[in-house]
Amino acid sequence: MKRLVLTLIALFTVLGASAQLQDRTLRVDYIFSGTDKEASISVASLNSFNTWAGRRVNMDKVPLRGNGQISMADAVTGQVLYRMSFSTLFQEWQATEEATRVTKAFENVFLLPMPESPVNITVELYDFHGKAVASLTHPVDPSDILIRPVGDNPPPTIDIHHSGPSSRCIDIVFVPEGYTRQEMGIFLQDCRAAWASFMNHEPFASMRDRFNVIAALIPSEESGVSVPRNGDWKSTALESHFDTFYSDRYLTTLQLTRLHNQVAGLPYEHIIILANSTTYGGGGIYNSYELTAAHHSAYAPVVVHEFGHSFAGLADEYHYDDQFVEYYYPDVEPWEQNITTRFDFASKWEDMMGQPGVGLFEGGGYQSKGVWRSAQDCRMNTNSCPAFCPVCQRAIARMIDFYTVENE
Ligand SMILES: [Zn+2]
């Protein structure tokens, strides 16, 4: 009965929003550029395709503050039609030494529901204190002839897990990187192994009927991924590489436009890139993508850990004893739900204190001091831990609900 009521609420919400939003996607490609001290945002291009796989509930809300937000408002009434929060590789790069001496540009791509009438879109980037340090507002008219239709020839897909229509489900796409045409069978095995690992983790297992999972068959010309420190550059579908920001194990792709062009037209909201590599590496960027090496022995835990970042915006719960990098300040409560500076602990897991396995342990978010996590160990801390801690489980469940159930 509860399920039926929820379905009816969701249906009315869809009908209510349909006057202002089309069942299509507006994809806006941006360039974020700057240095460690400056950031600017530019529109690169507007694209469209004929499906909307994003959420149809809580359209004008964000689940977390994030390191940036995008919002779309009706140009006449100012009513917010859609909002989302995110993090970016650009902002990670801004904390590197390189950013102190060179200006660089990074691609960023966002999917929005196509509006029926003209809108204003605002993008903001925040610093460690949550202050907006860059902001751009630009108009978009859905009848603009320069909005490029993409996605007429989406790649073939295989269902990994199907729960129902895309409009009711959270849509995940697995994208292969560095698998040749002959290796697509291996890629599918890797997708199934990843999903099996998700099904060994709560709350994904008990909430699996909220997800659709597909594998996109996109072959690379060469097998494996690039390792720049060895002078080893390969021709692959997404041009990913190790040594991102000169860090050996950091495997990413900076080609966000290329990534989204590859999957354009598919029903997708969250992207998991599997890299055909035996070298440990990867990363997850909140509401951007996760990328994981698929042939390392820690693949099963890591593919779930990185989704904790890219889907639920969870922080790493580990810390370095010898390296004090300050990302979190005592006068700011982090937006990540699984760490706290105790500045506003009531907004975190204070209400769960005393439950089995829940406490306050100093060290987390890369810092040994001044940041606390809720459990001795967690999927967001070590690869040997078998599960998410209760606080992470609640945060993930809340995120799944945000996408699928209208808040009161
Ligand atoms: Zn945790």
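Which strands do the buried residues of α4 pack against? In this predicted model, they pack against β1 (21-34), β5 (104-115), β10, β11, β12 and β14. Here's a quick tour of the sheet and the helix.

**The sheet**
- Six strands make up an open sheet, and if you walk across it the order goes β9-β11-β10-β12-β14-β13.
- The pairing in this sheet is mixed, and as background, strands of a sheet pair through backbone hydrogen bonds, either parallel or antiparallel.
- At the edges sit β9 (157-161) and β13 (282-285), each of which pairs on one side only.
- Ignoring direction, neighbouring strands here are turned by 20° against each other on average.

**The β10–β12 pairing**
- β10 covers residues 170-177 and β12 covers residues 270-275, and the two pair in the parallel sense over six bridges.
- If you want a spot to look at, find Phe174, whose bridge partner in β12 is Ile272.

**Helix α4**
- Residues 256-263 form α4, which lies across β10, β11 (211-216), β12 and β14 (289-293).
- Relative to β10, the helix runs at about 110°.
- Its buried residues are Leu256, Leu259, His260, Gln262 and Val263.
- Look down the axis of α4 and these buried residues fall within an arc of 155°, so they line one face of the helix.
- Those buried residues pack against β10, β11, β12 and β14, and also against β1 and β5.

**Just past the helix**

Key. Residues are numbered from 1 along each chain as its sequence is written. This is a predicted model: local features need pLDDT of at least 70, side-chain atom pairs count only at pLDDT 80 or more; totals for chains, interfaces and linings use all residues. Two strands pair if DSSP finds at least two bridges between them. Helices (H or I, at least four residues) and strands (E, at least two) are DSSP runs, numbered from the N terminus. Axes are lines fitted to C-alpha atoms, for helices over the stretch in contact, and angles run from 0 to 180 degrees between N-to-C directions. Two residues are in contact if their C-beta atoms, placed from the backbone, lie within 7 Å. A residue is buried if 20 or more other C-beta atoms lie within 10 Å of its own, exposed if 12 or fewer, and partly exposed in between; C-beta atoms are placed from the backbone. The arc is that of the directions from the helix axis to the C-beta atoms.
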